[in-house]
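My notes follow in the order I took them.

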Amino acid sequence: MEDLDISFTQNRELSWLKFNERVLEEAQDTNVPLLERMKFFSIFDSNYDEFFMVRVGSLTDLAMLKGKAVDNKSLMDPDQQLDAVMEESRRLFQKKDHIYEELKDEFKTHGYSFASYEELSESERHLVKRYFESIVMPILSFQIVDLVHPFPHIPNLAVGVLCTLRSKKGEIKKGYVQVPERLNRYLEVAGRKIILLEEVIKAMSPQIFDNYEVEETYTISVTRNADIDFDDEELVELAEDYRSHMKKLLKKRKRLQPVRLEIDREPSKEVKSFLLGHLGLKENRIFVVRSPFRLGYIFSLIESFPEDFQKAHTDKPFSPQVPAMVDPQKPVMGQALKKDLLLSYPYESMDPIIRLLREAAEAPEVVSVKITLYRIAKDSQIARELIRAAENGKEVVVLMELRARFDEENNIIWSSRLEEAGCRVIYGHKNFKCHSKVLLITRMTDQQEVNYITQVATGNYNEKTAKLYTDFSFITADMAIGQDAVKLFDDFLKGKINGSYKELMVSPQSMQEGLDKLIDQEIAKGKEGYIRLKMNSISDRILIDRLSEASNAGVKIDMMVRGICCIIPGIKERTENLRVFSVVGRFLEHHRIYQFGRGEEAKIYISSADFMTRNIRKRVEVACPIYAQEVRDKILHYLDTMFADDVKIRQLQPNKEYTKLENKNNLIGQEELMKDAIKKAQAQKKPKEDKKKEAKAEKNLQEKKPEPKGLWQRIMAFFGRA
């Protein structure tokens, strides 16, 4: 491990924090509409919650092991990584507090204020008190903490109020009040003042603990370790079925070890000792955060503002357009049999995929439908069409990944419904999550010939996220790709994860082999070689070293990495020919696109796999080649547009910081793609509208044709030649 070269790599956790800081900076950007800035503020907070639950939770577990694993990009052990994360997090929470004050000031200019109880007028306080007594107090959960009343279990991410209480005898005790999750986190007073529920509870705490004197109050929230590593479970030894096992793990998640304590002001030594002692936390795990935490309520708050205010301070509405490559008036299946199709979310609608499944459910020639599901919507039309297919007698095989983190419960519910409808539901390999996005429709023609329609995507079969995440969905009747998909599902059913395929690259085996071959081909070209990659993250040491090798051979490498980026560009004799860019914008960049070479010779793949060790070696992922020129052109146009962005794009520098590019064209890639989708959708409608207009004009012409006046004209009209 000591021999590893870390001169051009960085720690994944610290890299992720840089990404989340860019999300927070969108909340500070005055060019972004005010309510959109509030959304980014909330997203930053929820991102951080998951980071502490999962990544900090995982590092905390690793730190307790005797043989401590060392990160192969920074050579830091878990304790060192945790110390670095806590130090950087403290800086980011201070930045969050500063931006919150800026947002509050901006709202004041529009007549709205985020108020404390003390800032309310006497009449407003009276209204708040009445609300508390009639609505809040009857459902409030609270207790004192002493020898008889033990410290309560504080649920993960719950918001609560801690009080220091003095009895009439002078005894000092603690009181804890949990903010009810059933109620709105905020209260609107006089239509213009917004007060958080925890502030109301603080103000009313003397009424809650009426036999004590309340000396001080704090808002607190505990974050717990939620990193249950399902991949390491010895499921094969379990007597219960897998779904029941998952239900138990979800219940366990709610009670796991605390990893962070947030508190709204600097606590006294006595309060700090009390909290850290009962929660089992080190002092560097307590964060004083003066801005609100658990900001999920922001979205409902935005919806509560008057419609004209919302309209003035949010992005211009955009709906996914009719896909340019799919005729909405014709069956999708028939179109796919004639040529390859590509959908680009969220610029284009997901509707053709739902239509494709509906057609498959009804078509007599379709014998089977097979699909991999990772994250699906709660009210999933995709799942409903699969149920329709099963009820119509089709063989329906669903590989449902129950270990999709934080979506396990929804997947469990749908897997039961699918099974009840007659679908065959399987759960993948016990040690490898299935993260691929593949749909296979098998048809038997009247001539007893078998053919396939295969769909491969970079994102999930989820109608909700398809309107928020940028992804590609590729549909093809290519026989070789279809045969590979058949083999892929056969391997799933056999529990085989090391299959070989002709066209598809599939992790955990053939993906690395295929990528090695493609990189080697570009290395052989030397300075003429070119690699362009787009993904969410890169952290795999083997692939990082391969890209460094290509850069040293003169290959030009352009990367767009939204989040974690453990490779540092521009390092002499390591990554001199490599550039890294990142975009945080209106939509979440989610594609995985691999381009090797330029022009007509370029080899293009879309994939479900990031360049992370878990994707390449610990999961089942699929990368699909793109051959059809029209589809290739569409993908390359997307890449060209996003790399041409000079407003939202940032470039990673050798010092690990992200900088803005010179704004020459004022081009926002996502906006250009929205305009392009609208233009193409309108052009698709125009020919039909033109034909209708022509037919109507011809009819009107016939109806209004004047009677011939002269003898010769009347004679010619009689013979039909006028």
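I began with a strand pair. β1 and strand β6 (residues 193–196) run parallel to each other and are joined over two bridges. I keep in mind that the model is predicted. I then asked which residue of β6 stands opposite Phe114. I found Ile194 there.

Next I looked up the sheet around this pair. The sheet is open, has three strands in the order β1-β6-β5, and its pairing is mixed. I noted β1 (113–114) and β5 (186–189) as the edge strands, each pairing on one side only.

I moved on to helix α16 (residues 541–552). I read 12 residues and a reach of 16 Å from first C-alpha to last, close to the 16 Å expected at 1.5 Å a residue. I listed its buried residues: Arg541, Leu543, Ile544, Arg546, Leu547, Ser548, Ala550 and Ser551. What do the buried residues of α16 pack against? I found α15 (510–525), β19 (530–535), β20 (556–561), β21 (578–583) and α17 (613–617). After α16 comes Gly554, with a positive phi near 100°.

Last, I checked the cores. The largest nonpolar core has 88 residues. Leu373, Ile382, Leu386, Val398, Met400, Leu418 and Ile635 touch the most other members. Helix α18 (residues 629–643) gives the most to this core, seven residues. I also looked up the contacts of Leu373, leaving aside neighbours within four places in sequence. I got Ile382, Leu386, Val398, Leu399, Met400, Glu401, Leu418 and Tyr461.

Technical notes. Residues numbered from 1 in each chain as written. Predicted model: local features only at pLDDT ≥ 70, side-chain atom pairs only at ≥ 80, totals over all residues. Heavy atoms only, no water. Core = buried A, V, L, I, M, F, W, Y, C linked by side-chain atoms within 4.5 Å. Buried < 20%, exposed > 50% of the residue type's maximum accessible area, 1.4 Å probe, protein only. Helix = DSSP H or I, 4+ residues; strand = E, 2+ residues; numbered from the N terminus. Contact = heavy atoms within 4.5 Å. Pairing = 2+ DSSP bridges. Expected span 1.5 Å × (residues − 1).
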